[in-house]
Amino acid sequence: MKGMTLIVRTITDFVVGFIVVFGTYIVLYGHLTPGGGFAGGVIIACAFILLLLAHGKEVAFSKLGENTAHFLDSAGALVFLLLGWVGMSAGWFFMNTLPRGEQFSLFSSGMILPANIAIAFKVGSSLFLAFSALAIFRRRSFRAVIEEELT
Amino acid sequence: MSLVPLFVAIPLGMAFLIPLLGRWWKTSGEVLATGGTALLAVMSIMSIGMPAVVHHMGGWEPPYGIAMVSDGLSVLLLIAINIVGFLAVMFSLKYMRIYTGLPKYYSLFMLMVAGMNGVVLSGDLFNLFVFLEVASIASYALVAFGTDADELEAGFKYLILGSVASVMILFAIGTVYAVTGSLNMADVAREISIRFGGEMSPALLLAAAMFLMGFCLKAALVPFHAWLPDAHPSAPAPISAMLSGVVIKSLGVYAMCRVFFHVFGFSPELPSSLIIANGIIAFSVLSIVVGGLLAIGQWDFKRLLAYSSIGQIGYVTLGIGVGARVLASGGVRSLAALAILGGLFHLINHAAFKSLLFLSSGAIQHATGTRDMKQLGGVREKMPVTGLSTNLAALSIAGVPPFSGFWSKLVILVATLQAGLYAIGGIAIAMAFVTLAYYVKVQREVIFGEVKGAVEKAREVPAVMYVPLVILAVVCVGFGLLYPVIGYRILEPARDALLNGAEYIKLVLG
Amino acid sequence: MMVYFLCLVLMTMGLYCLVAKKNIVKKVLGIVIMDYAVNLYIIVIGYKTGGVAPIVEPGMSEGMYARFVDPLPQALVLTSIVIGLGVLALMVSMCVRLYEKHGTFDMSAISKLRG
Amino acid sequence: MESITPQLYALLVFMIVGSVIAIETRNLLSAVISVSAVGFALSVAFLFLGAPDIAITQLVVEVLVLIILIRGTILIDNTAIETHRDTLAVVSSLIFFGLLLGFGAMIFASEGFPEFGEPLMRVSKVYVQTGLPATYAANIVTAVILDFRAYDTLGEATVLFASILGALALLRRDGKVSRREVATA
């Protein structure tokens, strides 16, 4: 797919970095301020979707490759499941056994921060993948379908 | 340390791993799905006879955390889900070769199994909803997996009606939370009995009505059945077997039983519970009649089976509804126990023979390339194993003694008549003969008769495809003959779990 | 009371859109509206008059905790929003495929199977 | 401690009007944009109701929904569909909705239902009080979703995983292996 005009592309280049940084902030401070892995993940996905829309798929996939996105999608979910399984060492699924740290600091509250990060990776990459699949999907011409049926 | 969470963690882990490894290891889906479901099937059989377990998620005591509850009823459903799941995966190994994107298929399959296991083990209303959605979404995608025009259309209809059901269930959960301030089922039940005592408040009645509509949509009871006759035939055969065999039961019937028996409760002190019981009976009778009558006219083998599923699910909920009605009107407790036992027995029987029939329809389609009954005939001669096992399942579902389907229908009918519902019992008996009629049609047109065009070149399907059929056929016969063993070990704990709401509350809240 | 009722009105409007409209994109929009209505309903249930967001700030006294709105419905709605987004992605991909097969978004033209 | 009721009613009326436009307009693009307007109003309503987490999530999800709907559907075909309505279905559904609304109005006015602004908070009182000391998360909502009820969040992540996987599965190029490949296999 083609990109958009020069103005859009220039502004996109300027803005994308800020969006990613903002998303990362939302993810990391999810346990202290409003937000969390899910909202932050969607914001990060939106940054890549913006790249996809403005520059076309080559540029977007050079920043976040399709294989990488597939990998992050599954790996994020798997890491979250494993974090839950760590709790089984204390006898209960999803028990928060990691060290709690200090109140109101970034590295506190045990499992919550890594879980937020895992969810953010999972959500961001999977939404980007779904959108790119939707945007790239081209209707094949009727003729091509017929020819395929005949052969 | 109890290992109940493994029932959810194993299929989820497999589902996440399959796409991860699928890029480099082409057969990861086949290997991991077979291994995972085999392990789950063994675990579910091992959990027979175990005492009821409550697992506190995150170590938080209920009602503050989510409780995972495995009692007799859960074990019954776990056995059905995981064994049918394993056999369906085994059948898929060869059958699904004609489709592309197999890692995605196996991953979605494992997600569906994980969702259903999560539903039957959940002790929390919202958690039940979340896992219900996991299973539903995976099944929407699986119905449309072939991406042909009619598969997509069926999937879309299923998706629309399923979403309506989800919204209704969520609305009901919100209302229950507003009125009781809790989401844990046992805690809600206790709160209802303390706070509302003899009277069910109107708000709870609204919630109950919403739950009833939502679960009836998921269970495809008439008049909420519109999606099923499209979705079940369009799906790939192993998925049809899962959908008809276990999905509508675990998402519809099981969830309905759990919510109405354990959360709202049926007792003479709650006058409005009689309304709910009557509602369940009314929908069941409608399903039995409409499903049975529409099945006769079908010439598409899978579509006939789909309509038959509507009718048979009607029998299951009829047994449960009659039990609920007896409880709600203060009747004899042993009669309620009999009716519920019949319903649960028919549930597990239907899981066995309907999944067998759908798998054999897939085998026949694989061998002959058609499922139009007008073009089939004499399958028995060309495909002896498939033909024989299909025949056994058809006899069982038609209610011919001594197969399992006969006994379960007999129990349901006896209980219905004893409860004084003579008209409904009469309808159910008449429709049992209609069931017999359309399965005689299946036998005459498909299994016996002269060998017709499409069947002439057919050969017996490979062993991985017929072994699941044989296992399920053995189950169909075995359940009929070995009822004392099965009933004592599996069905009676499930029945007792349903009947004793007070014990459930004590189990979860201690 | 009126607030709950208006949420129910919004929900029935979504349901109406689902039943009455033939365009499958409109049906998708109907489901989106229903999701909104239910989410709002659940959040409204948890609202406390004069309440503040349930976020503790350093130096906040324990007495302030009593002013927090109910956090549990918010957790439920977060999950419900995610579910809605997932269902929407699945629905839109089905719509795209259906359009590819039939060349239209009209449900009565798409409908070949009869329930 | 001013009442938020007037703002909430204004937003709700706005949402209902927006949905009416979305349902009845001929132009699909207008319909999608009206639905998004409803979604943004919903986000503002969440903010008023003391739910900033949900407001942020709703806002970003709304952006994504708008992009997906426009990119996925409207760009393909934006023609209005003019088929006659199924009058029987519409009338029966309207009767059903009327009953539902009447029933709902009766129930929301009844004794058992808590008044607006007075939640029971039987269970969540404990979350509010012990959230910070027990989990060290200052945001109680995060404490609930990732600690007290983390298992739900696993389900939520799984739902998203399943639906995206399903969407990718549906958007793959060919559903079935072509006949030539079957013959060689």
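**Notes on the model**

1. Let me start with one residue of chain A. Leu134(A) is buried, as 21 other C-beta atoms lie within 10 Å. Here a residue is called buried if 20 or more other C-beta atoms lie within 10 Å of its own, exposed if 12 or fewer, and partly exposed in between, with C-beta atoms placed from the backbone. Leu134(A) sits in helix H5 (residues 112–136) of chain A. Helices (H or I, at least four residues) and strands (E, at least two) are DSSP runs, numbered from the N terminus.

2. Before going on, please keep in mind that this is a predicted model, in which local features need pLDDT of at least 70 and side-chain atom pairs count only at pLDDT 80 or more, while totals for chains, interfaces and linings use all residues. Residues are numbered from 1 along each chain as its sequence is written, and chains are lettered from A and ligands numbered from 1 in the order in which they are written.

3. What is Leu134(A) in contact with, leaving aside its neighbours within four places in sequence? The partners are Val92(C), Ser93(C), Val96(C), Ile68(D), Arg71(D), Gly72(D) and Leu171(D). Contact means that the C-beta atoms of two residues, placed from the backbone, lie within 7 Å. Within chain A, Leu50(A) is 84 residues away from Leu134(A) in sequence and 14 Å away in space, C-alpha to C-alpha.

4. Between chains C and A, 9 residues of chain C are in contact with 8 residues of chain A. On the chain C side, 7 residues are nonpolar, 1 is polar and 1 is charged. For these classes, Ala, Val, Leu, Ile, Met, Phe, Trp, Tyr, Cys and Pro count as nonpolar, Asp, Glu, Lys and Arg as charged, and the others, Gly among them, as polar.

5. The contact between chains D and C takes 74 residues from chain D and 68 residues from chain C. Helix H3 (52–74) of chain D is among the elements that give two or more residues to the chain D side, and the largest share of that side, 12 residues, comes from H3(D). By class, the chain D side divides into 52 nonpolar, 16 polar and 6 charged residues.

6. Chain D itself has 8 helices and 0 strands. Its radius of gyration is 23 Å, well over the 16 Å that the globule rule gives for 185 residues, so chain D is more spread out than a compact globule. That radius is taken over C-alpha atoms, and the globule rule is 2.2 Å times the number of residues to the power 0.38. Along the principal axes, the C-alpha atoms of chain D fill a box of roughly 70 × 45 × 30 Å. Of the 185 residues of chain D, 49% count as buried.

7. How confident is the predictor about chain C, going by its average pLDDT? The average is 88, and 97% of the residues score at least 70; pLDDT is the predictor's confidence in each residue, from 0 to 100. Among the elements of chain C, helix H2 (residues 24–45) has the highest mean pLDDT (93) and helix H4 (residues 107–110) the lowest (82).

8. H20(B) bends by about 40° at Leu491(B), and Pro493(B) follows within four residues. The bend at a residue is the angle between axes fitted to the seven residues ending there and the seven starting there. Leu491(B) and Pro493(B) are among the buried residues of H20(B).

9. Finally, some backbone details to check. Most residues other than glycine have a negative phi, and most peptide bonds are trans. Phe94(A) has a positive phi, near 65°, and is buried, with 32 other C-beta atoms within 10 Å. Thr147(B) has a positive phi, near 50°, and is buried, with 25 other C-beta atoms within 10 Å. A cis peptide bond joins Pro62(B) and Pro63(B), with omega about 10°, and the bond from Pro401(B) to Pro402(B) is cis, with omega near 5°.
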